[in-house]
Structure formats: structure tokens, C-alpha cells
Amino acid sequence: GGAGRWAVEAEAVKQDYRGGPIPSLRDGGRYDLALTYRGGSAPDRSWIAGIAFEMKDADLRALGYRGGRVFAAMRTPISENGAYFDLSGTLRRIDHRNAPLIVDLKETRLFTRAAVGMPLGSQGLYAEGAVSYTGRWNNNASLLRDYGSVGAELRLVYRFGK
């Protein structure tokens, strides 16, 4: 469309794990199907929103899962010199497969990130500072613990093109 575009993205991967105490039990396929819309209301202002379905098969059935996620992100200029603000987030729900004698595990995961980028004089080179939050909550069906963590980072970013 004039202001944006729809996209359907599909991914299929065969995973073979190496190392660890029981690596081959996680082997299997991973599949992902996403529907996204990308738009923008000005030359340097853009956003994306989407929904996705994912599935993982594993040799040990309890290590496989089905799930879905919603995600969104936006970038907007904050000054005439090219500085920008980014905001993104993903909410993911995972339902691990039932297996005999194992309680069904259900997880909710959240990731959010906010960043400010400042140009460094050279065309396309930016310093970007960001804060993020990651959280995981489950139905206490396993030894996995709920957690939340806050992070901060400083990146050197080179943006290609316009």
C-alpha cells in the first residue's frame, strides 16, 4: 500500500544440538509463521506490528512446544540532526507439549526495549543507548523459576542506506 506493506514470513529449521548432558533429546524441527504490517507516517518515522505462531518438535516430546506472540516496534526522529527514539516489545506465550508423568508447562515471556540514537558526525554512524526489560512467568509446572531483569547497553550502530 501507499503508507505501508503487509508481509507473511515463514521459517522452517532442523535443529541438531551438540554438547550438554542430553543434547539429542532437543533435536527436531522448529517452525515459525508471522503476519506483519510495516508502516510509516514520515520519511524517518516507521513502525511495525505483527502476530506469529511457532512450533518446536523434539525427540523428547516434553521439550517441544507450540506458541504464539505479538510484537510491535516504532522509530521516530527526535531532532533535526538525525537523533532518533526506538521502542519495541514482544509478548510470547508458549505451551510445552504434554508427556507422560510430566506436568504441562506453560510460559509467558515479555521483552521490551527503549533506545535513543545520536549521530556521530559520520554519515550513518550513531551512538545508541538503551534500557530493556525481560520477564518470564510460568505455571510452576517445572523447576523453571519466574524472573524479571532490567538491562542497559551502549551500542555503536552503522545504518546503511537512507
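Guide: Strands here are DSSP runs of E, at least two residues long, and they are numbered from the N terminus. The model is predicted. Leucine 105 shows how the numbering works: this residue sits in the loop between S5 and strand S6 (106–119). Leucine 105 is buried, because its relative accessibility is 10% and the cut-off for buried is under 20%.

Arginine 38 brings us to the salt bridges. The count for the model is 15. In one of them, arginine 38 pairs with glutamate 9, and the closest N and O atoms are 3.3 Å apart. Arginine 38 belongs to strand S2 and glutamate 9 to strand S1, so this contact ties together parts 29 residues apart in sequence. Arginine 38 counts as partly exposed because its relative accessibility is 32%. Glutamate 9 is partly exposed too, at 36%.

Next comes aspartate 32 with arginine 69. Their closest N and O atoms are 2.8 Å apart. Aspartate 32 is in strand S2 and arginine 69 in strand S4 (residues 65–77), so the bridge links distant parts of the chain, 37 residues apart. Aspartate 32 and arginine 69 are both buried.

A further bridge joins the side chains of arginine 92 and glutamate 54, at 2.8 Å from N to O. Arginine 92 lies in strand S5 and glutamate 54 in strand S3, so parts 38 residues apart in sequence are tied together. Arginine 92 is buried because its relative accessibility is 18%. Glutamate 54 is buried as well, at 1%. These pairs belong to a wider set. Through shared partners, salt bridges join Glu11, Arg30, Asp32, Glu54, Arg69 and Arg92 into one network.

Now the surface. Trp6, Val8, Leu33, Leu35, Ile51, Phe53, Val70 and Leu91 make a nonpolar patch of about 810 Å². Strands S1 (4–15), S2 (28–42) and S3 (45–56) each give two or more residues to the patch. Leucine 91 is in strand S5 (residues 84–96). Leucine 91 counts as partly exposed because its relative accessibility is 41%.

Last, the largest pocket. Its space is about 380 Å³. The lining has 20 residues, with Asp44, Gly82, Gln123, Tyr126 and Arg159 nearest the centre. Seven lining residues are nonpolar, eight polar and five charged.

Key: Residues are numbered from 1 along each chain as its sequence is written. This is a predicted model: local features need pLDDT of at least 70, side-chain atom pairs count only at pLDDT 80 or more; totals for chains, interfaces and linings use all residues. Side-chain values use heavy atoms; hydrogens and water are left out. Patches are made of residues with over 30% relative accessible area and no salt bridge: like charges are joined within 9 Å, nonpolar side chains (Val, Leu, Ile, Met, Phe, Trp, Tyr) within 5 Å. Accessible areas come from the Shrake-Rupley method with a 1.4 Å probe; for residues, only the protein chains shown count as cover. A salt bridge is a side-chain nitrogen of Lys or Arg within 4 Å of a carboxyl oxygen of Asp or Glu. Helices (H or I, at least four residues) and strands (E, at least two) are DSSP runs, numbered from the N terminus. Buried means under 20% relative accessible area, exposed over 50%, partly exposed in between (1.4 Å probe, protein chains only). On a 1 Å grid over the protein atoms alone, a cavity is a set of points where a 1.4 Å probe fits but cannot get out, and a pocket is an open set with protein on both sides within 12 Å along at least five of seven lines; lining residues have an atom within 4 Å of a point. Grid points are joined across faces, edges and corners, and a volume is the space filled by probe spheres set on the points. Ala, Val, Leu, Ile, Met, Phe, Trp, Tyr, Cys and Pro count as nonpolar, Asp, Glu, Lys and Arg as charged, and the others, Gly among them, as polar.
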